[in-house]
Amino acid sequence: MTDTPLNLFNSLTRQLEEFRPVHEGEARVYSCGPTVYNYQHIGNMRAYVFADTLGRTLQWKGYKLTHVINITDVGHLTSDADEGEDKMERMAAKEGKSAWDIAKFYQDDFERDLARLNVQPKQHPRATEYVEAMIAWGKKIAQEHCYELDSGLYFDVSTVADYGRLARAVTEDGEGRIDTVEGKRNAADFAIWRKTPPGETRQMEWDSPWGRGAPGWHLECSVMGEKLLGFPFDIHTGGIDHREIHHPNEIAQNQAFCGCGSLDQATHSGAKIWMHNNFLVERSGKMSKSSGEFLRLQLLVDKGYHPLAYRMMCLQAHYRSELEFSWEGLGAALTRLKRIVMAVERLKDAPAGDPSHQKFAPMRAKFAEAVSDDLNTAVALVALEEALAVKKVDAGIKRAVIEDMDAVLGLDLFGLTRTDLRIRPKGAQITEAEIEAELIRRKEARMAKDFATSDAIRESLGEKGVEVMDGDPLGWEWKL
C-alpha cells in the first residue's frame, strides 16, 4: 500500500481525477466482458490486462476490490449500432450447435486465456441469468423514456440530459447531432427489447410485455452493474470502441433508471469514473478473423511465445496509447521477461525481508508515482528493473520489494521459470528429447576437440529453431 494519491483519467470528464471511493475502503469496478460467440482476439484481451492492472493497483492501495466482468451470451448484434443478426444465434447456426453450447465453449476458452495471462479471478455473470431483471428494468423506464415499434422497445435518447457526452457527440449548445430515420424517433435511439419477428423462433427468447424476444445488448451491462455493484459504483472500464455507442447508451439507461439529471455530476452516469483502453494495432492486416491466422492467444503459444510475454507487451505501453503488435515486438517483450525472470531466480530461496530498506526508497517511490499516475506501467517496469539491479543488499529484502511491485504488474515473477518460457513452437521439426540427445553428442565432440562436428551440430540445431547457449545452465532455448 502507498499513500500516493491514485489519479485516473475519466473519459466522461476528459481529465485526471483522484480516486475517491463511493464506499469507504472499497473499490467496485465493472468491466465490459466478451460476447462469447468466438475466440477472443488478443486486441480484446488487452482490455482485461488493463482492467486487471487497475484492480491490482486498487488492491495494492489497500481497497477491498469487487470486480465484475460480464459475459454476453445473448443480445449482441453483428453491428454495435443496433443492426444485423444476433452474434450467438448466427454462430450457433453456422456450427450446428445450440447457442447455449456455443456460449459455454467460448466462455470456457476466454476464462482459460484470462488464467494464462495471470488475470486475477473476477465475477463473470452471464446475461442470460439476468433476463427477468432486464424486463423489470424495462418496465420501470418504458413509460417516460421508451416507445414501441413492430421490431421491439426502443429508448428515446432525447429524454435524458447530455446524451453522448462520453463520446463528445454533442454540439456546443448541448443538443445532440441526431438525424431522424424511418421508424425510430432519433437516429441514436436503441433497442431495449427486440421482438422475435413473426414466423421465426430464436434459441434464446423470453416472454415480455413487448412480445416474445430478447434483451438489447446495452441493457445487459446496465442491469448487471446495478444489481452486482449498486449505483453509483466506482469505475466502469472497456475498450475505446465502447466509448462511442455502447457506453453512452448504458449511461442513458442508468440516468433513466435513477431519475438522474445532467452528467455534470458524474455519478448520474452510474459510475464515478469511466476508463477506456486504446486499440491494439496490427498494421500488416494479416491477422484478422477472416484471414487464415486469427491473432488469438493460442496462436502466440503455437509460435513459441509464453502468454505472459503478451502481458509484458501490454504493460510496456500506456493503456490509453495505441499498442502496435508485431512478432518482433513480442519477441523483445519475451526477452525482457526472460531477463527479469533470470534475475528473480536468485531471490526465490531467500526469506522475504523488509521492503522499506533505504537502498530501495528511490525505486519504490518511482514505482508508486508511476502506477498512481493513471497506471503508468511502462515507468513502473523500469523501477522494478532498477530495483533488481541494486547490488550488495540482502536477497530477502530485494525479494520483498520485487514481490510488492509484481503484485501490481501481475507477471507471476516468483512462480514463473525460464523453463516455463521455453515453449516448443507448434511447427518445430525436432522434439526436446532429440535436442538433448544432440547436445550430448555435441558435448562429446567438444571434449574430443572435434570442433567441426560441434559447430555442425550447433548450426543444424539453429536451422531447426534451437539456440544453443554455452555456459548457460538452461543450455538452449527455442530461437524465435
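1. The model is predicted: local features need pLDDT of at least 70, side-chain atom pairs count only at pLDDT 80 or more, and totals for chains, interfaces and linings use all residues. Residues are numbered from 1 along each chain as its sequence is written, and side-chain values use heavy atoms, with hydrogens and water left out.

2. Helix α9 comprises 19 residues (327-345). Its span from first to last C-alpha is 26 Å, close to the 27 Å expected at 1.5 Å a residue. Helices here are DSSP runs (H or I, at least four residues), and strands likewise (E, at least two), numbered from the N terminus.

3. The buried residues of α9 include L330, A333, L334, L337 and V341; buried means under 20% relative accessible area with a 1.4 Å probe, protein chains only. Among the elements covering the buried residues are α8 (307-315), α11 (377-388) and β16 (476-478).

4. The axes of α8 and α9 come within 8 Å and cross at roughly 100°. That makes α8 roughly perpendicular to α9 (65 to 115 degrees). In the contact (heavy atoms within 4.5 Å), L308, A309, Y310, M312 and M313 of α8 meet residues of α9 including G329, R336 and I340.

5. Helices α4 (131-145) and α6 (246-258) pack at about 90°, their axes 9 Å apart, and are therefore roughly perpendicular to each other. W137, K140, I141 and H145 of α4 make the contact with Q253, N254, A256 and F257 of α6.

Technical notes. Expected span 1.5 Å × (residues − 1). Buried < 20%, exposed > 50% of the residue type's maximum accessible area, 1.4 Å probe, protein only. Axes fitted to C-alpha atoms, helices over the stretch in contact; angles between N-to-C directions. Parallel < 35°, antiparallel > 145°, perpendicular 65-115°, else oblique.
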